[in-house]
Amino acid sequence: MRGRLWMGLALLLGWQTLVAQTGFDPQVPPWLVEQGARFQLQDHHGRAVSAADYRGDYLLIYFGYSACPDICPTALQTMRMALEGVGEAARQVQPLFISVDSKRDTPAVLAEFVRFFHPRLIGLTGSKQQLFNAAKHFGLRYHTGRVEGRYEVSHSDNLYLFGPAGALLAFFPHGTTQAELQAGLAQHLE
Amino acid sequence: MRVGRGVILLLLWLSAPALVAAESRIEVSEPWARASAGARPNGAVYLRLIQRGTRADRLLGASTSVARAVEIHESLMRGGMMRMRPVASLALVPGEVVTLRPRGWHLMLRGLTQPLREGQRLRLRLEFQHAPARDVEVPILGVGAMGPNGKAVGERP
């Protein structure tokens, strides 16, 4: 019992040390903090884009897939409500939905999907290698492929906010409520 | 008189199993589905189930004309990833409320034969282990709906 408590304390202290290093959740890799967002993908119009193309805007980024019936629509709804909640300041934010399902999410599929969630939401997709590189830079895991004969996709459930100069401003992990996201946006937007 | 008493005893004997046997009476409330964001392959239905009877039962599955298959799914976080775990059935214990809600349990409509359009309804047949099958009219809400009547199901104020 006491051993378990000490172990818990040690884990907590270890976690705090990690957080202290970057100021962010340990799920956020240090290079994402140092370098900001980096990706080479295609937007839902089929144009090749990189993170640098969005410099000057705040970026709010979610990774998911369009065939997702439960988690992604609710995450995007939370994003939309929080953006609406901060009012005019939301105009500086470019929301991005990065699909990890390169097999099914073509630019055309994403174009049809994103317009349901926010008038300015941009869907991004790319080759398997491009998505792998992007996910690696964000330090997140995903999986696509057959599980017991069915094509399934697993993905992270985080939101990332980057500033106009590209720096990571905030990380909103799985479980973040709309109110928390809205407060986080309000804190960082001018 | 003797005959009358015999008849009453016989009737009592015949009706005894019905008097003592546990019954399954499933209440289904607040069903809703999320509209498709375009031509999507899958959809989700949410609802609340309560076993009002005295017998433990199970939701075994469901079917609808608008999807190839319906599966009982749980969304869960594992190793930093969200995934959907299909389960064979859902336990319905007397008196216990089972709420299928966004980011928890849902009935996944796999292989939609048509997009689910907001404002329309779909018909879903629920199959139970003991209770008779139940047809439910499911209203289709917006793509970003979190619950019926604009509220999140099961959330306390």
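Q: How far apart are the closest N and O atoms of the salt bridge between B:Glu71 and A:Arg150?
A: In this predicted model, a salt bridge requires a side-chain nitrogen of Lys or Arg within 4 Å of a carboxyl oxygen of Asp or Glu. B:Glu71 and A:Arg150 form such a bridge. Their closest N and O atoms are separated by 3.1 Å.

Q: How many salt bridges are there between chain B and chain A?
A: A search of the whole structure, over all chains, returns 15 salt bridges. B:Glu71 belongs to strand β4 of chain B and A:Arg150 to strand β7 (residues 150-154) of chain A, so this pair joins two chains. Between chain B and chain A the count is four.

Q: Which element gives the largest share of the side of chain B that touches chain A?
A: Across the interface of chain B and chain A, 13 residue pairs are in polar contact, with both residues at pLDDT 80 or more. On the side of chain B that touches chain A, two or more residues come from each of β2 (42-51), β4 (67-78), β5 (81-87) and β8 (105-112) of chain B. The largest share amounts to five residues, and the element that gives it is β5(B).

Q: Which three residues supply more than any other three of the area that chain B buries against chain A?
A: The contact draws on 29 residues from chain A and 30 residues from chain B. Together the two chains bury about 2,400 Å², with 56% of it on carbon and sulfur atoms. Of the area that chain B buries against chain A, 27% is supplied by three residues, namely B:Met81, B:Met82 and B:Arg103.

Q: Which element gives the most residues to the lining of the second largest pocket?
A: The second largest pocket has a volume of about 250 Å³, and 19 residues line it. Nearest its centre lie A:Tyr151, A:Glu152, A:Val153, B:Met108 and B:Arg110. At least two lining residues come from each of β6 (143-147) and β7 of chain A and β4, β5 and β8 of chain B. With four residues, the element that gives the most is β7(A).

Q: How many residues in the lining of the second largest pocket are charged?
A: The lining is divided by class. Nine of its residues are nonpolar and five are polar. The charged residues number five.

Q: Which element gives the largest share of the lining of the largest cavity?
A: Three cavities of 30 Å³ or more are found, and the largest holds about 100 Å³ of space. Its lining has 16 residues, those closest to the centre being A:Pro73, B:Ala35, B:Ser36, B:Ala37 and B:Asn42. By class, this lining has ten nonpolar, four polar and two charged residues. The largest share is three residues, from β2(B).

Technical notes
Residues numbered from 1 in each chain as written. Chains lettered and ligands numbered in written order. Predicted model: local features only at pLDDT ≥ 70, side-chain atom pairs only at ≥ 80, totals over all residues. Heavy atoms only, no water. Contact = heavy atoms within 4.5 Å. Buried area = accessible area lost by both parts, 1.4 Å probe. Polar contact = N/O pair within 3.5 Å; in protein donor to acceptor, adjacent residues only side chain to side chain. 1 Å grid on protein atoms, 1.4 Å probe; cavity = no way out; pocket = protein on both sides within 12 Å on 5 of 7 lines; lining within 4 Å. Points joined across faces, edges and corners; volume = space filled by probe spheres on them. Nonpolar A, V, L, I, M, F, W, Y, C, P; charged D, E, K, R; others polar.
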